[in-house]
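Subject: Two-chain model, handed over

Hello,

Here is the model for your files. My notes on it follow below the structure.

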Amino acid sequence: MLVLTRRPGESIVVGENIVVTVIEIKGGQVRIGIDAPREVDVYREEIYEQVRQENLTAIANAEEIRRAVQDQSRPRDDDT
Amino acid sequence: MDQAEHEALVEKALHFPDGLPGLPDLERFVIVELREDGAFQQLQSLDNIDVSMIVCVPWMFFPDYAPVLSDIEQAELELESADDAILFVPVSFDSESHQVFLNLLGPFVVNAKTRVGRQLVLTGTDYSTRTPIELPGI
């Protein structure tokens with residue numbers, strides 16, 4: 001991992017057109033501004049990771065979830 | 001599945017150009033109804049038949065649910081009005097407690113006219129990936 005030291009107001013340029021700016025440092029928190037092209041998605045890592053994990057779980061358990069929510073009055077040949 | 005059936009499915013397919021978080025290569029899906037009351041659907045991948053996810057339209061359970069699309073997301077999906085949007089969320093289940101959950105943090109939004117969609121990762125909300133619901137009429 002590349003590690004750089006920046007002061008508030010200073011920036012890092014990633015590639016041609018992404019600029020990450022340290023805006024403010026206060027009480028153990030850093031405010032960061034990100035300028036990126038509109039086709040680049042920017043997320044808080046932990047939020048994106050939650051959705052990603054939840055997708056993988058939902059897919060791994062799709063069969064069980066389907067049985068749990070399926071209308072029991074509608075018989076299907078693959079019911080167990 | 002024969003060729004004609006496959007073509008009919010592809011015709012109805014939803015296209016997610018970016019794939020899903022965790023599954024970036026899966027772009028084409030179809031929706032299969034699971035219940036007569038229309039409460040739950042199966043989002044079935046056409047790129048990998050082993051991959052599917054149970055989804056539901058959340059407003060039956062959460063009438064006030066109001067995810068906000070960013071300008072960028074709206075532009076990407078070419079959504080001009082909310083009426084053109086189809087929205088559904090992933091469903092999960094805990095087999096020990098028999099509790100069903102909705103993922104309100106990661107809704108799918110599809111433009112009904114173009115059939116192009118994506119899964120959003122909402123920012124600046126308190127919505128959870130595991131919001132419990134009670135099943136209707138089973």
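In what order do the elements of chain B run from the N terminus on? The order is α-β-β-β-β-α-β-β-β-β-β, that is, two helices and nine strands. Please keep in mind that this is a predicted model. The predictor gives the complex an ipTM of 0.87 and a pTM of 0.81. For chain B the mean pLDDT is 90, with 98% of the residues at 70 or more.

Chain B

The radius of gyration of chain B is 15 Å, close to the 14 Å from the globule rule for 138 residues, so chain B is as compact as a globular protein of that length. The C-alpha trace of chain B spans about 40 × 35 × 30 Å along its principal axes. Of its 138 residues, 31% count as buried. Among the contacts in chain B with a separation of 6 or more, 48% are between residues 24 or more positions apart.

Chain A

Chain A has two helices and three strands, and from the N terminus on its elements run β-β-β-α-α. Buried residues make up 12% of the 80 residues in this chain. Of the contacts in chain A between residues at least 6 apart in sequence, 0% join residues at least 24 apart.

One residue from the strand part of chain A is Val13(A), in strand β1 (residues 11-14). Val13(A) counts as exposed because it has 11 C-beta neighbours inside 10 Å, and the cut-off for exposed is 12 or fewer. Its C-alpha atom is separated by 9.5 Å from that of Asp35(A), which is 22 residues away along the chain.

The contact between the chains

The contact takes 29 residues from chain B and 25 residues from chain A. On the side of chain B that touches chain A, the elements giving two or more residues are β3 (40-45), β4 (52-56) and β5 (85-94). Of these, β5(B) gives the most, with four residues. By type, the residues on this side of chain B divide into 17 nonpolar, nine polar and three charged.

The core

The largest nonpolar core has 34 residues, and those with the most contacts inside it are Ile65(A), Val69(A), Ile54(B), Val55(B), Cys56(B) and Val91(B). Chain A gives two or more residues to this core from each of α1 (45-60) and α2 (62-69). The elements of chain B that do so are β3, β4, β5, β6 (99-102) and β7 (108-111).

Asp94(B) and Arg115(B) are 21 residues apart in sequence, and their C-alpha atoms are 32 Å apart in space.

Regards

Methods. Residues are numbered from 1 along each chain as its sequence is written. Chains are lettered from A and ligands numbered from 1 in the order in which they are written. This is a predicted model: local features need pLDDT of at least 70, side-chain atom pairs count only at pLDDT 80 or more; totals for chains, interfaces and linings use all residues. Two residues are in contact if their C-beta atoms, placed from the backbone, lie within 7 Å. Ala, Val, Leu, Ile, Met, Phe, Trp, Tyr, Cys and Pro count as nonpolar, Asp, Glu, Lys and Arg as charged, and the others, Gly among them, as polar. A nonpolar core is a set of buried Ala, Val, Leu, Ile, Met, Phe, Trp, Tyr and Cys residues joined through C-beta atoms within 7 Å. A residue is buried if 20 or more other C-beta atoms lie within 10 Å of its own, exposed if 12 or fewer, and partly exposed in between; C-beta atoms are placed from the backbone. pLDDT is the predictor's confidence in each residue, from 0 to 100. The radius of gyration is taken over C-alpha atoms; the globule rule is 2.2 Å times the number of residues to the power 0.38.
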